[in-house]
Amino acid sequence: MDMSSLSNAFQSNVDLSYIIILSIFLGVEVISKVPSILHTPLMSGANAIHGVVVIGSIIVMGRIHENDYISLVIGFCAVFLGTLNVVGGFVVTDRMLKMFKKKK
Amino acid sequence: MSVLIVIYLVSSIAFIVGLKQLSHPDTARIGNFTAAFGMIVAIVATIFLYHNDDGTVLNNRSWIFVALIIGTLIGVRVAQKVQMTQMPEMVSLFNGTGGACAMLIAIMEYQYLIGKSSFDPNNHIWLVPSHEISFSNLLIIVVGMIIGTISFSGSIIAYSKLNGTMKDISFKGQHVVNLFILFSLILYVILFLYFTPLRSFYLSSTSQSGILPIVYLLIACFIAFIYGIFFVLPIGGADMPVVISLLNSFTGVAAGIAGILYNNRVMITGGILVGAAGTLLTILMCKAMNRSLKNVLIGSFSSSAQNQTTQKQAGVYKEIMIADVAMCMAYANKVIIVPGYGLAVAQAQHSCHELEKLLENKGVQVKYAIHPVAGRMPGHMNVLLAEANVPYDKLIEMEEANSEFTTTDVVLVLGANDVVNPAAKTDTTSPIYGMPILEVDQAKCIIINKRTMKPGYAGIENELFFHAKTSMVFGDAKEIIQKIVAEIKAI
């Protein structure tokens with residue numbers, strides 16, 4: 001294992017590191033003021049957002065050779081599962097939030 | 001490519017704004033739409049605008065579209081059909097599919113890189129040009145796959161447990177076994193990475209049998225899968241919400257790591273944002289239960305501690321007639337309802353709201369005391385009661401409720417158990433010792449509705465049931481409430 005290659009990788013990806021670190025602070029900041037009544041919808045909404053992983057599966061899928069059927073099937077499953085995460089997550093969250101009607 | 005970068009930026013902003021809006025009651029629903037908008041834009045833009053490093057566009061678009069459409073149809077159908085009471089396991093299931101997606105991506109990415117390698121038959125090694133696959137690339141693939149896999153198998157176990165199809169399984173020395181699996185996993189990954197030096201890439205250098213290189217990755221995947229199962233298996237009782245939240249942040253991290261692999265900004269921001277937010281939410285939940293994350297993960301709701309408390313409590317409880325309950329509540333000044341999982345199971349939220357309105361009309365002040373971890377998820381009760389149109393201002397949080405119990409005439413506990421167990425305050429041997437509870441014993445009269453005398457989800461006896469001020473009403477929460485409503489109307 002080569003530590004210098006790791007630090008090289010870090011240096012060539014400084015902006016990436018910034019994005020990651022800032023995202024961490026942002027994630028913490030956004031959640032810290034949440035009233036407990038919104039914990040479940042928020043968890044569910046966050047659950048839908050990490051469904052962004054489906055983009056990765058689309059990219060992988062798009063690089064597979066047309067005749068590589070095993071990979072195509074695996075890729076198909078990946079896109080399908082990722083979509084389930086996104087769509088299911090957002091719909092479930094909306095269903096929950098629909099019930100939070102204002103009554104004054 | 002530049003258009004895609006701008007779109008990804010827009011999507012990232014949509015995620016951040018959406019998450020921010022989701023954390024305020026007034027804007028929560030818009031926030032969900034904002035995030036969904038960002039997601040749709042990012043997905044569509046990826047399909048049409050993404051170019052590989054060599055400038056080629058994506059292949060297999062028809063396959064991608066079919067998978068997207070089927071996923072959407074099934075996702076919408078499942079999400080709309082699910083009962084509100086089953087929300088926790090639904091979130092867990094969708095979380096698992098995200099983890100599985102991250103796992104499959106890593107496996108395929110690895111296979112893709114292998115495809116660029118060549119097999120040297122003389123030395124029985126696979127050679128990959130080092131600019132194609134670097135150490136950091138390999139590390140990212142393996143770590144992303146492992147986190148995704150743990151999240152996947154863990155979520156499925158959490159799903160089956162919440163579903164009731166699987167019981168808590170704990171055996172002696174379980175966390176030793178868990179640690180053993182974890183260390184084997186780490187050791188294997190180190191070996192895997194070590195035998196993959198940068199300059200020339202040996203994937204099966206020691207093997208004469210020509211085992212496919214992918215097998216070595218799949219072994220890591222398999223160990224991670226097993227670990228995910230064992231990781232969630234012993235965790236039970238009140239700790240389930242914490243685990244779901246933790247697995248949620250795991251999947252976020254896995255998505256972020258996959259994003260690093262493709263240098264894909266929207267995946268990184270989305271994934272890491274959720275990873276960080278989920279981790280904080282997990283910690284907040286642990287704090288609400290006054291338990292450390294370490295205790296939760298080791299699963300200290302051990303059977304030995306349960307036995308001690310179960311043996312100690314065997315007092316007498318008294319039952320109360322429905323008519324008496326109705327009388328008690330109708331002539332009270334202030335009633336506080338403490339909902340728990342029993343309310344969710346019985347789907348009693350609507351009847352409960354009816355009871356509340358009826359009492360209010362009779363001039364009784366009615367409030368709901370919400371424990372942060374009542375039910376199977378934080379905010380579970382809020383969602384349920386909101387479904388029944390109970391206004392927000394009737395729901396009070398734990399601290400406020402505890403200051404109000406002394407002036408309360410009747411507390412009606414509906415299917416809640418562990419969150420009102422005084423053992424959390426008094427009994428140092430109790431597994432829930434130290435968890436803040438709703439101090440309902442401060443009220444003048446306590447009425448507890450349960451289906452049976454069985455202990456709650458954490459599996460511990462509750463001395464509150466044997467308290468002098470406590471009366472028990474056995475039965476399904478919905479039926480009981482409907483009977484109470486009928487009785488009050490008859491008064």
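Predicted model: local features only at pLDDT ≥ 70, side-chain atom pairs only at ≥ 80, totals over all residues.
Good morning. Let me begin with the overall figures for chain B. Chain B contains 18 helices and 8 strands. It has 491 residues, and 57% of them count as buried. Its accessible surface comes to about 19,700 Å², and carbon and sulfur atoms account for 63% of that area. As for the contacts within chain B, consider those between residues at least 6 apart in sequence: 78% of them join residues at least 24 apart.

I turn now to the sheet. Chain B holds an open sheet of 6 strands in the order 5-4-3-6-7-8, with parallel pairing. Which strands form its edges? They are strand 5, residues 395-397, and strand 8, residues 470-474, of chain B, each of which pairs on one side only. From one strand to the next, the twist averages 25°.

On one side, strand 3 of chain B pairs with strand 6 of chain B in the parallel sense, over 5 bridges. Here Val338(B) has Val413(B) in strand 6 as its bridge partner. Strand 6, residues 410-414, is also joined by 5 bridges to strand 7, residues 445-450, and these two strands of chain B run parallel. In that pairing, Val413(B) stands opposite Ile448(B) of strand 7, and Leu412(B) has Ile447(B) of strand 7 as its bridge partner.

Is strand 6 of chain B enclosed or open to the outside? Since 5 of its 5 residues are buried, strand 6 of chain B is largely enclosed by the rest of the structure. Both of its faces are covered: Val410(B), Leu412(B) and Leu414(B) are buried on one side, and Val411(B) and Val413(B) are buried on the other.

Helix 14 of chain B, residues 349-361, lies across strand 3 (334-339), strand 4 (365-370) and strand 6 of chain B. Relative to strand 4 of chain B, helix 14 runs at about 145°.

Next, the nonpolar cores. The largest has 166 residues, and those that touch the most other members are Ile55(A), Met145(B), Met329(B), Leu355(B) and Ile484(B). Which element supplies the largest share of this core? It is helix 4 of chain B, residues 87-115, with 16 residues.

Leaving aside neighbours within four places in sequence, Met329(B) is in contact with Val335(B), Leu355(B), Leu359(B), Val364(B), Val410(B), Leu412(B) and Ile484(B).

Finally, the charged pairs. Over all chains, the structure holds 9 salt bridges. In one of them, the side chains of Asp94(A) and Arg29(B) meet at 2.8 Å, N to O. Because Asp94(A) lies in helix 5 (residues 69-98) of chain A and Arg29(B) in helix 2 (residues 28-49) of chain B, this pair joins two chains. Asp94(A) counts as buried, at 13% relative accessibility, whereas Arg29(B), at 33%, counts as partly exposed.

Chain B also has salt bridges of its own. Lys334(B) forms one with Glu404(B), and their closest N and O atoms are 2.8 Å apart. Lys334(B) lies in strand 3 of chain B and Glu404(B) in helix 16 (residues 398-404) of chain B, so the pair ties together parts that are 70 residues apart in sequence. Both Lys334(B) and Glu404(B) are buried.

Glu404(B) forms a salt bridge with Lys367(B) as well, with the closest N and O atoms 2.9 Å apart. As Lys367(B) lies in strand 4 of chain B and Glu404(B) in helix 16, this pair ties together parts that are 37 residues apart in sequence. How buried are these two residues? The cut-off for burial is under 20% relative accessible area. Glu404(B), at 12%, is therefore buried, and so is Lys367(B), at 15%.

Thank you for your attention.

How values were computed. Residues numbered from 1 in each chain as written. Chains lettered and ligands numbered in written order. Heavy atoms only, no water. Helix = DSSP H or I, 4+ residues; strand = E, 2+ residues; numbered from the N terminus. Buried < 20%, exposed > 50% of the residue type's maximum accessible area, 1.4 Å probe, protein only. Contact = heavy atoms within 4.5 Å. Areas by Shrake-Rupley, 256 points an atom, 1.4 Å probe, with all protein chains shown as cover. Pairing = 2+ DSSP bridges. Axes fitted to C-alpha atoms, helices over the stretch in contact; angles between N-to-C directions. Core = buried A, V, L, I, M, F, W, Y, C linked by side-chain atoms within 4.5 Å. Salt bridge = Lys/Arg side-chain N within 4 Å of Asp/Glu carboxyl O.
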